[in-house]
Amino acid sequence: MHIIKTIAEMQQVARDARREGRTIGCVPTMGSLHDGHASLIRESASHHPLTVVSVFVNPTQFGPHEDFAKYPRSLDADVQLIRNSCGTHVFAPTVEEIYPEGFATSIHVSGVTEVLEGAHRPGHFDGVATVVCKLFQAMRPDEAYFGQKDLQQTIVVQRMTKDLGFPVTITVLPTRRDDDGLAMSSRNAYLSPDERHHAPTIYKALVAASRAISLGETSGREVERIMHHILTSDGVFDVDYAVACVGDTLAPCVTIHPGDQIALLIAARLGTTRLIDNLVVTA
Ligand code: AMP
C-alpha cells in the first residue's frame with residue numbers, strides 16, 4: 001500500500017476522488033493500531049470508497065513530561081492492519097510536514113477543554129484541535145471517525161468542526177475492549193504483567209457506577225464515591241479523576257434525574273502508565 005507523506009499529495013488524492021464522485025472517510029490515529037482503530041476503519045470502509053487512515057504521533061498534544069518520545073511506533077504493522085481492515089490510503093506525514101518552520105497557529109476550543117483531561121494535561125486539546133484541523137485540510141474527508149474511548153476529545157472535535165464550518169460529519173463509535181473489559185489502547189503496551197492484571201479494575205469501577213445509577217442512585221457524589229472506592233481498594237492506582245458528568249457538556253453532575261445522560265469518566269495511573277476510560281449511561 002502506497003504511503004502518502006505530503007499534504008500536497010494527500011490533497012491531490014482527495015481532489016481526484018471528489019472529481020470522480022467518490023466520498024472520503026477518514027480515521028485520524030497516532031498509529032500503534034489495535035482492534036479499536038480497526039473498528040473505525042472498517043466502519044468508514046463500509047460507507048466510503050476511500051478510507052484514509054492518518055498515522056501521526058502529534059507532538060503538540062503531549063506535555064513536556066509526557067510520553068511523546070517513547071510513544072510506540074510501528075508503521076509496517078499499522079499498514080498491515082489498515083489493509084486488513086479495508087482502509088484504502090495511509091497518510092503518514094512527518095512532524096516537519098505538519099508543523100513547518102515558523103508554524104505559529106494554535107486552535108483553542110474554550111469551555112469543555114478546561115476540565116478533566118484539559119485540566120490534567122494543559123495544552124493537550126489545543127494540540128488535538130490544531131492537528132485535526134490540519135488533517136481535515138489535508139484529507140478533505142466527508143466523514144471522520146473517532147472513538148468514544150476519548151469522549152472529551154470527540155466533544156472538542158465536534159465543537160471545532162462546527163465552529164470552523166468544516167463540511168465533515170463526525171461519527172463516534174463505541175469503545176472496543178479486551179475480554180476482561182480493559183479498553184484497548186496503544187498505551188496498554190506499557191503495562192507490566194502485574195499492572196495489566198489490575199488494569200480492568202477501571203472498567204469494573206465504571207460498571208459498578210453505571211449499575212448504581214440504573215438502580216436509582218440520584219447523587220453524583222455517591223456515584224463518584226463508588227468509583228473511588230473500587231479504584232483505591234486495589235491499592236495500585238493513582239486516580240486523577242473518577243467523576244459523573246452531564247453527558248454532552250461534561251459539567252459536574254450533582255443530582256441525577258431519570259432520563260439524564262450521564263458520562264462516567266476515569267483517568268488513573270498504574271505505575272508510569274496513565275489510562276483513561278468512560279461509559280455513558282442514561283439514568
Ligand atoms: P489514538 O491513536 O489513540 O489517537 O486513537 C485514534 C482514534 O481511535 C481515536 O478516535 C480514538 O478514540 C480511537 N480509539 C482508541 N482506542 C479505541 C478503542 N478501544 N475503541 C474504539 N476506538 C478507539
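Tutor: A polar contact is a pair of N or O atoms within 3.5 Å; within protein, one must be able to donate a hydrogen and the other to accept it, and residues adjacent in sequence count only if both atoms are side-chain atoms. This is a predicted model, in which local features need pLDDT of at least 70, side-chain atom pairs count only at pLDDT 80 or more, and totals for chains, interfaces and linings use all residues. Residues are numbered from 1 along each chain as its sequence is written, and side-chain values use heavy atoms, with hydrogens and water left out.

Student: How far does a polar side-chain atom of His 37 lie from an oxygen atom of the ligand?

Tutor: The separation for His 37 is 2.9 Å. Asp 150 likewise places a polar side-chain atom 2.6 Å from a ligand oxygen atom. Met 184 uses a backbone N or O atom, which lies 2.9 Å from a nitrogen atom of the ligand.

Student: How much of the accessible area of the ligand does the protein cover?

Tutor: On its own the ligand has 490 Å² of accessible area, and the protein covers 92% of this (Shrake-Rupley method, 1.4 Å probe).

Student: Which residues come nearest to the ligand?

Tutor: A residue is near a molecule if one of its heavy atoms lies within 4 Å of it. Of the 16 residues around the ligand, the nearest are Met 30, Gly 147, Asp 150, Arg 176 and Met 184. The shell comprises six nonpolar, seven polar and three charged residues. Here Ala, Val, Leu, Ile, Met, Phe, Trp, Tyr, Cys and Pro count as nonpolar, Asp, Glu, Lys and Arg as charged, and the others, Gly among them, as polar.

Student: Which element gives the most to the shell?

Tutor: Helices (H or I, at least four residues) and strands (E, at least two) are DSSP runs, numbered from the N terminus. Helix 2 gives the most, with three residues.

Student: What describes two packed helices?

Tutor: The angle between their axes and the distance between the axes describe them. Axes are lines fitted to C-alpha atoms, for helices over the stretch in contact, and angles run from 0 to 180 degrees between N-to-C directions. Helix 9 (residues 201-214) and helix 10 (residues 220-233) pack at about 150 degrees, with axes 9 Å apart. They are therefore roughly antiparallel (over 145 degrees).

Technical notes
Angles under 35 degrees count as roughly parallel, over 145 as roughly antiparallel, 65 to 115 as roughly perpendicular and the rest as oblique.
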